[in-house]
Amino acid sequence: MENPVKVDPINSLNDFVIKFANVNGTGSASANQMFAKSIFRMGIPISPKNIFPSNIQGLPTWFEVRVNNKGYLGSRGGVDIAVAMNPQTYSQDVEEISEGGYLLYDSTWKRNFNRDDITVIEIPLTQLCVDSFTNAKQRALFKNIAYVGALSPLLEIEYEVLEKLISEQFVSKPALIEPNIKALNIGRDYVLKNLPYPLGINVKREDKLKDKILVSGNDACGLGAVYGGATFCSWYPITPSTSVAEGFEKYASKYRVDPQTGKNNYISVQAEDELAAVGMAIGANWNGARGFTATSGPGISLMSEFLGLAYFAEVPLVIFNIQRGGPSTGMPTRTQQSDILSCAYASHGDTKHVLLFPEDPQECFEFSAEAFNLAERLQTPVFVISDLDIGMNDWVTDKFEWDDEQKYDRGKVLKAEDLDKMDNFGRYLDVDDDGICYRTYPGTHPEKGAFFTRGTSHDEYARYTENGDINEQTLTRLVKKFRTASELVPDPIINLSEKQGSSGVIFYGSTSAAMYEAKDILNENNIEVDLMRIRSFPFNLDVWEFIENHDLIYVIEQNRDSQMRTLIMAEGGISAEKLRSLVWFNGDPIQAKFIAKKIYERESQQALIT
Amino acid sequence: MSYFKPINKHPNLEKNKLGLTRRDYEGGVSTLCAGCGHDSISACIIEACFRLNIEAYKVAKLSGIGCSSKAPAYFLNASHGFNSVHGRMPSIATGANCANEDLLYLGVSGDGDSASIGIGQFIHAIRRQVNMVYFVENNGTYGLTKGQFSATNDLESKNKYGEDNLFPPIDLTSMAIQMGASYVARSFSGDRDQLVPLIMGAIQHKGFALLDIISPCVTFNNHDSSTKSYDYIRNHNEAMGKTDFVPLGEEIKTNYDDGSSVEVKLHDGSRLSLEKTDHNFDPTDAGKSLELIREKNKEGKIITGLLYVDNKCKPLTEIMDLPDKPLNTLEQDELCPGSEILEEINKGLS
């Protein structure tokens with residue numbers, strides 16, 4: 001260890017941020033994930049985040065892990081330990097380190113970093129790997145495992161946990177276990193022989209993660225689609241949604257193959273573009289199979305014409321929108337919540353869509369499965385709106401649960417025997433007065449129940465009409481159906497403070513983690529707030545009641561234009577003054593201290609005035 | 001507007017094996033222009049379904065946007081129909097086909113729908129070998145928007161207003177063969193004798209069947225300087241030999257001289273018997289088919305008949321290893337892995 005440290009090094013147990021700086025395409029991802037998982041396995045909450053470029057090889061990429069024994073999973077900001085493996089970004093990476101923090105770098109090529117307030121840890125990782133491995137590829141790859149090995153004594157990560165992770169990871173390729181363990185030991189032994197350890201920052205086993213799992217939102221969406229009975233998936237590759245389809249395929253190929261015949265009880269089609277992807281999913285749903293597509297903002301733009309068709313012709317459909325930074329191609333590998341309005345009103349003409357906003361992978365799983373029930377019950381497109389932060393990062397989340405007693409809601413579908421009992425089938429007759437009509441699958445009955453699905457204006461019997469009154473009736477009935485939808489979609493989660501007259505806070509999706517932490521910060525500073533986490537659109541009465549009961553409400557979201565606030569104002573006629581917009585849209589996940597600071601400033605100002 | 005015909009049936013109408021008459025295969029009253037080629041094609045579809053004893057409710061009629069795409073409303077009333085968006089019928093067909101491969105899929109499209117806005121979906125449905133009959137009712141013009149050029153309009157063909165067409169046509173048959181379509185025929189809406197057996201063959205074929213049917217637009221593209229007018233097609237049509245559709249278990253009635261006919265067996269055991277006008281031609285040889293189409297195009301002839309067939313192709317649902325039981329009939333117990341397996345998955349994630 002060099003550089004005399006003038007500032008006291010940070011001392012912290014189970015509460016810090018470590019950031020790995022790598023070059024993408026060098027195999028660092030699996031080493032970094034192993035690091036994160038080892039701490040998870042020690043029962044300590046973590047939140048790992050990938051910060052990566054839209055590139056395959058050669059550009060900078062970072063992996064940040066927040067370790068936090070209180071369970072705060074949002075991005076914290078600041079870096080306590082940097083593992084700098086990319087000389088391209090040394091200056092930025094070193095500058096980011098908090099006072100008293102630590103820097104670990106590959107000292108095969110020595111550097112002076114001009115920071116006398118941090119502890120610099122020098123390990124000649126490249127040299128060590130060159131000495132130990134002959135294969136060039138292995139030399140490069142195992143540098144990553146070696147620094148994880150070095151972190152084991154430095155941070156007091158239980159070595160057995162790392163060893164076990166390696167043997168689990170390579171269970172199907174046992175030949176790789178030995179060299180990986182060797183690499184792990186190279187880093188570990190170097191520290192044990194040459195450096196003081198542990199650092200002031202370290203970890204110690206806790207028991208905070210009972211019934212918790214570590215999983216990404218996209219994996220959870222894919223699994224939810226399998227559990228929700230989806231048999232048809234059509235998709236076009238787009239970051240950050242691709243892993244939804246991959247997740248579906250992964251689980252379906254394991255749990256959806258007919259044990260007798262070995263045939264696939266599902267299909268996943270990689271479409272030629274997003275238009276075809278959504279068209280195929282509509283075709284499958286029209287024919288009575290549960291089908292979905294997964295995309296991101298640009299895909300929603302491309303799918304818009306078809307979304308209007310599914311809305312107007314009343315065909316069920318599930319769309320996953322894993323939002324990224326917009327507009328246009330925007331920041332494809334960064335996160336935002338900026339497609340709220342483009343999804344809520346997707347397509348030309350008067351259209352409105354059902355949206356679900358999961359806050360974490362557990363809810364991704366739950367909403368993904370439920371979306372198919374809602375889509376078939378309501379005969380309309382249902383969007384599961386997640387984002388890159390939830391979708392592509394692993395989250396500590398409640399384990400998945402499934403109630404075997406709960407049956408799929410296939411909606412109002414008439415079978416041949418139902419049709420036999422009927423004299424008058426009209427596809428768009430509002431028989432039950434809830435705006436939802438009865439449909440039939442093609443091929444149901446030799447004489448009854450056939451109809452013509454169309455995007456042109458139609459009467460109650462699905463016949464083309466240019467009669468304006470009839471078209472007005474159809475559009476009005478769709479509003480009624482949307483009201484029915486508001487009774488079926490997930491309720492908001494409301495958390496009222498003890499103090500009467502507190503300001504309200506509205507938030508949704510991936511903002512939740514930061515918001516829960518911000519609330520605690522505010523409470524510590526004697527500011528109480530009432531929280532409402534919106535989980536779906538259309539808004540139900542609970543949402544309107546919360547808004548009605550508050551004089552001032554902060555609407556926190558990760559987009560420039562306060563899109564959720566606009567939606568609330570437009571749908572409820574709520575005055576602009578009442579809803580105070582608080583936005584963060586730089587593409588990184590929103591941080592608690594930002595939210596807390598903004599609310600604190602405004603609330604203390606308010607307190608001065610009153 | 002949709003209009004439906006009164007259901008009065010003459011007692012002596014011919015019945016097929018299902019006891020149905022041709023009237024049972026009809027649709028709503030056409031709103032296309034009087035004399036439109038598309039109506040003749042609808043009549044041929046009705047005839048083919050009648051002769052094949054098709055159960056109409058086991059048919060799905062799909063279309064995009066345009067005059068051609070209105071046509072499914074004018075045949076097979078007992079079938080479900082889906083008039084989707086412009087150029088996107090192939091994706092609807094793909095999804096629907098995967099959900100239930102037991103139905104017969106008749107996709108009706110036009111030259112605007114398939115050769116312009118939807119050319120990507122058209123090609124990819126072919127490439128995936130979606131099991132369907134794909135009709136292109138090809139009139140070389142955009143009728144509903146009043147006569148603009150389409151991408152199949154010949155270079156030398158003017159529009160109704162006398163304007164020159166500046167860009168060469170797309171030949172859908174050659175393109176389809178190159179993309180892997182397994183049944184490719186071209187015909188003329190005015191040649192019922194040729195068209196009906198070609199449709200019957202396409203229906204019995206398993207895989208992507210393209211029927212590119214020149215279907216004159218009487219209002220916008222039937223003038224003297226058009227190459228898609230009735231007169232022009234009649235004068236330039238070079239029909240290949242007669243095609244007979246021979247149902248399973250029936251004998252071939254027509255006898256051609258040795259070597260002058262070729263027989264193609266279809267998936268259900270029925271056969272197509274083709275009279276050969278050119279002894280070198282082999283409809284199972286894609287290279288020869290492409291050569292023939294190119295030569296005839298060069299000569300200014302419109303070659304019609306069965307141009308290519310591959311009766312050994314694998315349709316999409318087979319490529320993807322789907323079960324015999326349609327996906328849309330699977331029940332929750334076959335679809336949902338249940339809580340015990342979820343517990344296992346949870347363990348793997350902890």
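## Strand pairing across the chains

Two strands are taken to pair if DSSP finds at least two bridges between them. In this predicted model, strand β17 of chain A, residues 452-454, pairs with β2(B) in the parallel sense over 3 bridges. Within that pairing, T453(A) has F82(B) of β2(B) as its bridge partner.

## The contact between chains A and B

The contact between the two chains draws on 60 residues from chain A and 51 residues from chain B. On the side of chain B that touches chain A, the elements that give two or more residues are β2 (80-83), α3 (89-99), α5 (119-127), α11 (332-335) and α12 (338-348) of chain B. Of these, α3(B) gives the most, with 8 residues. When the residues on this side of chain B are divided by class, 25 are nonpolar, 20 are polar and 6 are charged.

## Helix α9(A) against helix α3(B)

Two packed helices are described by the angle between their axes and the distance between the axes. For α9 of chain A (residues 274-286) and α3(B), the angle is about 40° and the axes are 6 Å apart. Since angles under 35 degrees count as roughly parallel and 65 to 115 as roughly perpendicular, α9(A) and α3(B) are therefore oblique to each other. The crossing of α9(A) and α3(B) is right-handed.

On the α9(A) side, the contact is made by A276(A), G279(A), M280(A), A281(A), I282(A), G283(A), A284(A) and W286(A), and on the α3(B) side by S91(B), I92(B), A93(B), T94(B), G95(B), A96(B), C98(B) and A99(B). The contact of α9(A) with α3(B) comprises 11 nonpolar and 5 polar residues, with no charged residues.

## Domains of chain A

The domain assignment divides chain A into domain 1 (12-202), domain 2 (215-398), domain 3 (416-488) and domain 4 (493-609). The C-alpha centres of domain 2 and domain 3 of chain A lie 25 Å apart, and 13 residues of domain 2 are in contact with 12 residues of domain 3 in this chain.

On the side of domain 2 of chain A that touches domain 3 of chain A, α10 (297-313) and α12 (361-378) of chain A each supply at least two residues. By class, the residues on this side of domain 2 divide into 7 nonpolar, 3 polar and 3 charged.

## Helix packing of α4(A) and α6(A)

Within chain A, helix α4 (residues 136-155) and helix α6 (residues 177-194) pack at an angle of about 50°, with their axes 6 Å apart. That angle makes α4(A) oblique to α6(A), and the crossing of α4(A) and α6(A) is right-handed.

From α4(A), the residues that make the contact are Q138(A), F142(A), I145(A), A146(A), Y147(A), V148(A), G149(A), A150(A), S152(A), P153(A) and L154(A), while α6(A) contributes P179(A), N180(A), A183(A), L184(A), N185(A), I186(A), G187(A), R188(A), Y190(A), V191(A) and L192(A). By class, the contact of α4(A) with α6(A) has 15 nonpolar residues, 6 polar residues and 1 charged residue.

## An open sheet in chain B

In chain B, 3 strands form an open sheet in the order β10-β12-β11, and the pairing is antiparallel. The edge strands are β10 (243-246) and β11 (261-265) of chain B, each of which pairs on one side only. Neighbouring strands of this sheet are turned against each other by 20° on average, with direction ignored.

The pairing of β11(B) with β12 of chain B (residues 271-275) is in the antiparallel sense and runs over 5 bridges; there, E263(B) stands opposite S273(B) of β12(B). Helix α7 of chain B, residues 192-204, lies across β10 and β12 of chain B and runs at about 45° to β10(B).

## Backbone features in loops of chain A

The peptide bond from G326(A) to P327(A) is cis, with omega near -5°, and P327(A) is found in the loop between β13 (317-323) and α11 (340-344) of chain A. A cis peptide bond also joins F537(A) and P538(A), where omega is about 5°; P538(A) lies in the loop between β21 (536-537) and α17 (541-548) of chain A.

N14(A), a residue other than glycine, has a positive phi near 55°. N14(A) lies in the loop between β1 (12-13) and β2 (15-23) of chain A.

Terms used. Residues numbered from 1 in each chain as written. Chains lettered and ligands numbered in written order. Predicted model: local features only at pLDDT ≥ 70, side-chain atom pairs only at ≥ 80, totals over all residues. Contact = placed C-beta atoms within 7 Å. Helix = DSSP H or I, 4+ residues; strand = E, 2+ residues; numbered from the N terminus. Nonpolar A, V, L, I, M, F, W, Y, C, P; charged D, E, K, R; others polar. Axes fitted to C-alpha atoms, helices over the stretch in contact; angles between N-to-C directions. Parallel < 35°, antiparallel > 145°, perpendicular 65-115°, else oblique. Left-handed = near helix turned anticlockwise from the far one by under 90°. Domains from an automatic or database assignment.
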